[in-house]
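Subject: Handing over a structure, with notes on what was found

Dear colleague,

I am passing on to you the structure shown just below, and after it come my notes on what was found. Please read them with the model open beside you.

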Amino acid sequence: MLNIRIICVGKFKEKYWEAASAEYMKRLGAYCNVSVTEVKEEKLPAHASRADEENVIIKEGKSILDKIGAGDYVVALDIGGKELSSEDLAARIAEISFTSSTIDFVIGGSLGLSRDVKSRAALRLSFGRITLPHQLARIVLLEQIYRAFKINAGETYHK
């Protein structure tokens, strides 16, 4: 069974995000082993400079990279990445499952992902040119992964 790991910066702050996440993780359990690994969200000093922001991005990136296995296939959520339809994402997940037992989907913090994390990714995935709060992006990602498994199984969820 394929392992899906969501590696993300920060924790949910509201119960409704936790409830939505738990629901999709429960649904995904029928198709894959799914887990979430949360890394610490670094604090920005008051009146942060661009250098302060870059330092936070680098620290969070190192924490993310520490969680990625050598043989894992990495998909980084990145506004500048490739936009895929649900069907295309389903096909990509099916293809990856032939060569890797683990897919790590990475979601950065509010400042985004480090260059090192983006470089490690085999696929940079975008949900479009809109900016999503990273907590909402996590729910959208879980829903799209679930939709992909339903598509690949030929089931009726996808419309």
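His47 lies in the loop between strand 2 and helix 2 (50–67), and although it is not a glycine, it has a positive phi of about 55°. Most residues other than glycine have a negative phi.

Before going further, please note that this is a predicted model, in which local features need pLDDT of at least 70 and side-chain atom pairs count only at pLDDT 80 or more, while totals for chains, interfaces and linings use all residues. Residues are numbered from 1 along each chain as its sequence is written, and side-chain values use heavy atoms, with hydrogens and water left out.

The sheet

Helices (H or I, at least four residues) and strands (E, at least two) are DSSP runs numbered from the N terminus, and two strands pair if DSSP finds at least two bridges between them. On these terms there is an open sheet of five strands, in the order 2-1-4-3-5, with parallel pairing. Strand 2 and strand 5 (123–126) stand at the edges with a single partner strand each, so one side of each is left without a neighbour in the sheet. From one strand to the next, the twist averages 30°; axes here are lines fitted to C-alpha atoms, for helices over the stretch in contact, and angles run from 0 to 180 degrees between N-to-C directions. Helix 5 (residues 134–152) packs on this sheet, where it touches strand 1, strand 2, strand 3 (73–83) and strand 4, and its direction makes about 170° with that of strand 1; contact means heavy atoms within 4.5 Å.

Strand 1 (residues 3–9) is mostly covered, with six of its seven residues buried. Strand 3 and strand 4, in turn, pair in the parallel sense over four bridges, with Ile103 of strand 4 as the bridge partner of Tyr73.

Two right-handed β-α-β units were found: strand 1, helix 1 (residues 15–28) and strand 2 make one, and strand 3, helix 3 (residues 86–96) and strand 4 make another. A crossover is right-handed if, with the strands pointing away from the viewer, the path from the first strand over the helix to the second runs clockwise.

Strand 4 and Thr102

In a regular strand the side chains alternate between the two faces of the sheet. In strand 4, Thr102, Asp104 and Val106 point one way and Ile103, Phe105 and Ile107 the other way, and all are buried. Thr102, with a relative accessible area of 11%, is buried and touches Leu2, Asn3, Arg5, Asp72 and Tyr73, not counting residues up to four places away in sequence.

Cavity and pocket

A search of the whole structure finds one cavity of 30 Å³ or more. On a 1 Å grid over the protein atoms alone, a cavity is a set of points where a 1.4 Å probe fits but cannot get out, a pocket is an open set with protein on both sides within 12 Å along at least five of seven lines, and lining residues have an atom within 4 Å of a point. The largest cavity holds about 40 Å³ of space, and its lining includes Cys8, Ile107 and Arg138. Helix 5 gives the most to that lining, with three residues.

Arg138 is in helix 5 and, at 6% relative accessibility, counts as buried; it touches Ile6, Cys8, Gly10, Phe12, Val36, Glu38 and Ile107, not counting residues up to four places away in sequence.

The largest pocket has a volume of about 440 Å³, a volume being the space filled by probe spheres set on grid points that are joined across faces, edges and corners. Of the 21 residues that line this pocket, Leu77, Asp78, Ile79, Thr131 and Leu132 are the closest to its centre. Strand 3 gives the most to the lining of the largest pocket, with three residues.

With best regards

How values were computed
Buried < 20%, exposed > 50% of the residue type's maximum accessible area, 1.4 Å probe, protein only.
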